[in-house]
Amino acid sequence: MNEFTVGIARCETYDRDEVHTALHLAVERAGGLPAINVPDVLIKANLLSPSGPEKAVTTHPELLRAIVSEIGSTPVHIADNPGYIFADVGTLMKKTGVASLAEIDGVSVGMLSDLGLRSVCEKSFRALKDARISSRYLDAGYCVNASKLKTHVETEMTGCIKNIFGTADTSTRKMAHASTSQRHLADAIVDLYSIRPPEFNILDAIIGMEGDGPSHGAPVKIGFIIAGRNALAVDWVASTVMGYGNPADIHLIAAAVERGIGPRHRGDITLNGLEWDDLPLKGFKKSSGFVRAMPTALRGFVHKLVALTPKLSEPGCVSCWICKKVCPVDAISAEGRYPQINARKCVRCLCCHEMCPTGAMTVHKNFLASMVSRMRQRGE
Ligand code: SF4
Ligand code: SF4
């Protein structure tokens, strides 16, 4: 075992007994949970939106239940700051299935921001000027990062490092997204992660998401629970499962590697439970954010030509104006019945697509983007 040991265990369904057994195995293979010498533990779940567990948007409640059991008798608080809150806490907890966990002795559920926010400004920040972070998270003596493995139209993948982005408030997240540079967002996420890395990381990759995640992709059976003390090591293994031959092709992973928050290459990771060659999931559909898979030297150039832009499909729009609220550069106006996008202001962050509750805000590929996409699907 070393600090970058990752444990992986097969888990085919969310059957309670199967999840408990597989989680215990994954944690053991990762070297076990670090000793808990604090009065309570925070579980930072991914509760991005009020979606049912079958949609694979959020950490599954059966995995959270198994984590509670793995922690033992120490009281546990399960929490998140949903992306740009647009539902009351009760609805969020009920729809994600997390409310039922509050019936377990010693377990509470709630919002990460319930004890307020604190401004943090670190010299090491590369993208953020300052960040407003949940005090409950900053002050937690012990945090288990309970993430969900999904694709992401901006960051390509979301796993353990990205899950910590959810400890920040809306204005900090908007600041991170308000740039045409994919690297800016990746650096901002690593800025946030570096403030207070969690003590342990568990990734729900039983049913994950493929396609244009993290909200509107398709659920896909992956069949793994992945665990480890180092979030980058776990994400490295997870991106290999998603079919990335070199995970450092993903901006987020590359930014994390550069900052020295984990392994620098695959050889630094001890993988227990499976062989590397057995990880890639055949036919897994990556997100449309394929421009990030281009060689590093071409990325900036390619990004200008191969454009992914938000496009409204009016029949699905319920005029809730969430897209307008989340846009980091005020590029959306509400002059008529439906949102209007100012293309000159838009920085193509696709937050409006991510947070649209109906999926009416879609991702449009220009001609070159569609061509590259077709070529990739054919494996050219
Ligand atoms: S596009 Fe989506 S988020 Fe925007 S107003 Fe319509 S339904 Fe709401
Ligand atoms: S319109 Fe959508 S994609 Fe464009 S900047 Fe606003 S939120 Fe981002």
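The following legends describe close-up views of a predicted model.

**View 1. The surroundings of ligand 1 in the predicted model**. The shell around ligand 1 consists of Leu-312, Cys-317, Val-318, Ser-319, Cys-320, Trp-321, Cys-323, Pro-339, Cys-356, Pro-357 and Thr-358. By class, this shell around ligand 1 contains nine nonpolar residues and two polar residues, with no charged residue.

**View 2. Helix α3 and the elements against which it packs**. Helix α3 spans residues 89-96, and its buried residues are Leu-92, Met-93 and Thr-96. These residues lie on the same side of α3 because they cover an arc of only 90° around the axis. The buried residues of α3 pack against α2 (61-71) and against β4 (107-111).

**View 3. Ser-51 in the loop between β2 and α2**. The loop that holds Ser-51 runs between β2 (41-45) and α2. Ser-51 counts as buried because its relative accessibility is 12%, and buried means under 20%. When residues up to four places away in sequence are not counted, Ser-51 touches Val-57, Thr-58, Lys-95 and Thr-96.

**View 4. The packing of helix α6 with helix α7**. Helix α6 (residues 170-177) and helix α7 (residues 182-195) pack at an angle of about 145°, and their axes are 8 Å apart. From α6, the contact involves Thr-172, Met-175, Ala-176 and His-177. From α7, the contact involves His-184, Leu-185, Ala-188 and Leu-192. Five nonpolar and three polar residues form this contact of α6 with α7, and no charged residue takes part.

**View 5. Ser-135 in helix α4**. Helix α4 comprises residues 135-139, and Ser-135 is found in this helix. With a relative accessibility of 9%, Ser-135 counts as buried. Neighbours within four places in sequence being left aside, Ser-135 is in contact with Leu-115, Gly-116, Leu-117 and Arg-118.

Methods. Residues are numbered from 1 along each chain as its sequence is written. Chains are lettered from A and ligands numbered from 1 in the order in which they are written. This is a predicted model: local features need pLDDT of at least 70, side-chain atom pairs count only at pLDDT 80 or more; totals for chains, interfaces and linings use all residues. Side-chain values use heavy atoms; hydrogens and water are left out. A residue is near a molecule or strand if one of its heavy atoms lies within 4 Å of it. Ala, Val, Leu, Ile, Met, Phe, Trp, Tyr, Cys and Pro count as nonpolar, Asp, Glu, Lys and Arg as charged, and the others, Gly among them, as polar. Buried means under 20% relative accessible area, exposed over 50%, partly exposed in between (1.4 Å probe, protein chains only). Helices (H or I, at least four residues) and strands (E, at least two) are DSSP runs, numbered from the N terminus. The arc is that of the directions from the helix axis to the C-beta atoms. Contact means heavy atoms within 4.5 Å. Axes are lines fitted to C-alpha atoms, for helices over the stretch in contact, and angles run from 0 to 180 degrees between N-to-C directions.
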